[in-house]
Amino acid sequence: MTSRINRTVLALGLALAATAVTGPLAGAARAAGASDTDQERAARWHEIATSIFGDRAITPTDSLVKIDAPVRALDAALVPITLTMPKDGQIKAVSLIIDDNPAPYAARFAFGPAADPAELKLRVRVNNYTDMHAVVETQDGKLYEAKQFVKASGGCSAPMGMSDEEAMKGMGDMRMKFADAQPGQPVEATLMVRHPNFSGMQMNQVTRDFTPARYIDKIVVSAGDQTVFTLTGDISISSNPVINFAFKPDGKPIQVAASDNQGGHWQHSFTPPSPTN
Amino acid sequence: MTASAVQPWKSVVAGRRTVSRRGALFGGLCLCCLPTLGRAAESFTMAEVGPGIFMRKGLIADATAENADAIANIGFVIGRDGVLVTESGGSLADGQWLRAEIAKRTPKPITHVVLTHVHPDHVFGAGAFVQDKPVFIGHAKLTEALSARGEFYRKRLSDLLGEDRTGPVVYPTMTVADTAEIDLGDRRLTFTAHGPAHTTSDLSMIDSGSGLLFPADLLFVNRIPSLDGSLKGWLKEAERLKAMGPARAVPGHGPVTVDLAPALADLTGYLTALRDGTRAAIAKDVSIEKAVDSVAKGQRDKWALFDTYNGRNVTVAYQELEWD
């Protein structure tokens, strides 16, 4: 897969949980899908995995990738996820799939030569009680999966706390924070992008319309001429995306190019700190 | 009677003998639900907290099918020319209960209903008053906020209570962008539209008859504040409430009246701990998922429902402050 995430998975016809995430109703109602059996979940995962990866074999792993997510989300519209991939040099790409989201294929990170994929953090929307899968592709082209169950509901359809207009203020602004650099060591960085990442499921009742989906579909991060990662994203990524990653510095600036599905395109350059001895 | 004189002896306890009638007033409910609703209603009292001002203390709990979302402090002000409802209730059922309580005390028409902000526990009672054709008063940003969230909240609440007890989303017919005044003949009510704080649509009110401030959810007492607007904005608006000068206030949650200064000090104590703790976490690159377990923990013993809401507040605060 080279361009954008295959949206045929949308056709799976998953039920939309109309449940709130804000205020005193939080966590009060039963989410759709909460009572599905393991068997039903496994069947759904098989269907999704086939639509994304075809008939390629996917082997369970507990060493190549691990997902850390809160078992019960505090805020379904912002569920922090950590992907740990300790085997340096073996990982080509990682995909995050939130099985019961309306568009399950949340993100795919393809790593370049400047990446250190040991740990990756991102924030996602979770619409339902769901299995989450991380699938890594190793350099030899094999696929491995890890799984985590998350309890949350309404994350995709949850209205934002502000108007669409306000939510779009400063769209495309970026920041990057760098952790202290040590000579010869990968540098940890946090990329922040201002973007509402409208899911297309947030309704405006005055217009009796849904705010059209407008989401970051691609972010390319490079260190000099070398790619750190290419992220292919979808509506499951929280508004104002924040991504923690690590890269191998070569003294050149970090370039970020982001685009969204409506033709928005933004580029920024950041200077990492010099290693301190 | 002075503004600060709470008169518990005037409290009217909803008695057992009226359970079935009041149960029926919850509207459209099946007989099987009567006992639980009756129990919820039985525990409610209306306290006269100022001359002609009656308040019901909301439950310190989250919405459940049994409590009909009766979790906010709701009540009414009786003026010479009519009645103003200070808060409508958390559901149609809760609003109908309040409307019946008003009818027990005055034959005057219900002329105004205040929608203090977008949250469901404060607006879904409004449906019970539509038949009275009152002026529904709200913040200038409330229409927009209800447009975005009203239907979402309604569905969620009706999953819990059923369609019949939930009621419609009611929009303001009079909006306040800055300040506004309502005259009930013998008393004036002054409204202030606040900047983003608890939510983006917070409206406060001062009654000239009693001097009482009605800050709605800009003031939580005992129950942990929930952040859904702007943390920095809330601290600013708290200062503004203080500067307004009233001695006593009717909080959105907690006791029906309190001394304003110490209650605001407790509130800002929590918000300041939340702000400073979150800022420190961001500065030290503590991730959001770790920050939710550590920030503002020193406030834990001071607030009911702390474990339910603090982590969420940290999440909201983190998103606001990380862009500073």
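Between which two helices of chain B does the loop holding B:Ala296 lie? B:Ala296 lies in the loop between α9 (288-294) and α10 (306-321) of chain B. This is a predicted model: local features need pLDDT of at least 70, side-chain atom pairs count only at pLDDT 80 or more, and totals for chains, interfaces and linings use all residues. Residues are numbered from 1 along each chain as its sequence is written, while chains are lettered from A and ligands numbered from 1 in the order in which they are written.

**View 1. The loop between α9 and α10 of chain B**

Helices here are DSSP runs of H or I with at least four residues, strands are runs of E with at least two, and both are numbered from the N terminus. Most residues other than glycine have a negative phi. B:Ala296 is not a glycine, yet its phi is positive, about 65°. B:Leu305 lies in the loop between α9 and α10 too. Its phi is also positive, about 65°, and B:Leu305 is not a glycine either.

Is B:Ala296 buried or exposed? It counts as buried, because it has 26 C-beta neighbours inside 10 Å. B:Leu305 has 16 such neighbours, so it counts as partly exposed. (Buried means 20 or more other C-beta atoms within 10 Å of a residue's own, exposed means 12 or fewer, and partly exposed is in between; C-beta atoms are placed from the backbone.)

**View 2. Helix α5 of chain B and its kink**

Helix α5 covers residues 142-161 of chain B, 20 residues in total. Its end C-alpha atoms are only 24 Å apart. A straight helix would reach 28 Å at 1.5 Å a residue. (The expected span is 1.5 Å times one less than the number of residues.) Where is the kink in α5(B) centred? It is centred on B:Arg149 and comes to about 50°. (The bend at a residue is the angle between axes fitted to the seven residues ending there and the seven starting there.) Of the 20 residues of α5(B), 17 are buried, so the helix is largely enclosed by the rest of the structure.

**View 3. An open sheet of 6 strands in chain B**

The strand order is β9-β10-β11-β12-β13-β14, with mixed pairing. (Two strands pair if DSSP finds at least two bridges between them.) β9 (179-183) and β14 (258-259) stand at the edges with a single partner strand each, so one side of each is left without a neighbour in the sheet. Helix α7 (residues 231-244) packs on the sheet and touches β11 and β12 (213-220). Its direction makes about 155° with that of β12(B). (Contact means C-beta atoms, placed from the backbone, within 7 Å; axes are lines fitted to C-alpha atoms, for helices over the stretch in contact, and angles run from 0 to 180 degrees between N-to-C directions.)

Strands β10 (residues 188-193) and β11 (residues 203-207) run antiparallel, joined by 5 bridges. B:Leu189 stands opposite B:Asp207 in β11(B).

**View 4. An open sheet of 9 strands in chain A**

The order is β1-β8-β7-β4-β5-β14-β13-β16-β17, and the pairing is mixed. β1 (58-60) and β17 (265-270) are the edge strands, each pairing on one side only. From one strand to the next, the twist averages 20°. Strands β5 (residues 105-111) and β14 (residues 226-233) run antiparallel, with 5 bridges between them. A:Arg108 has A:Thr232 in β14(A) as its bridge partner.

Methods
Contact = placed C-beta atoms within 7 Å. Expected span 1.5 Å × (residues − 1).
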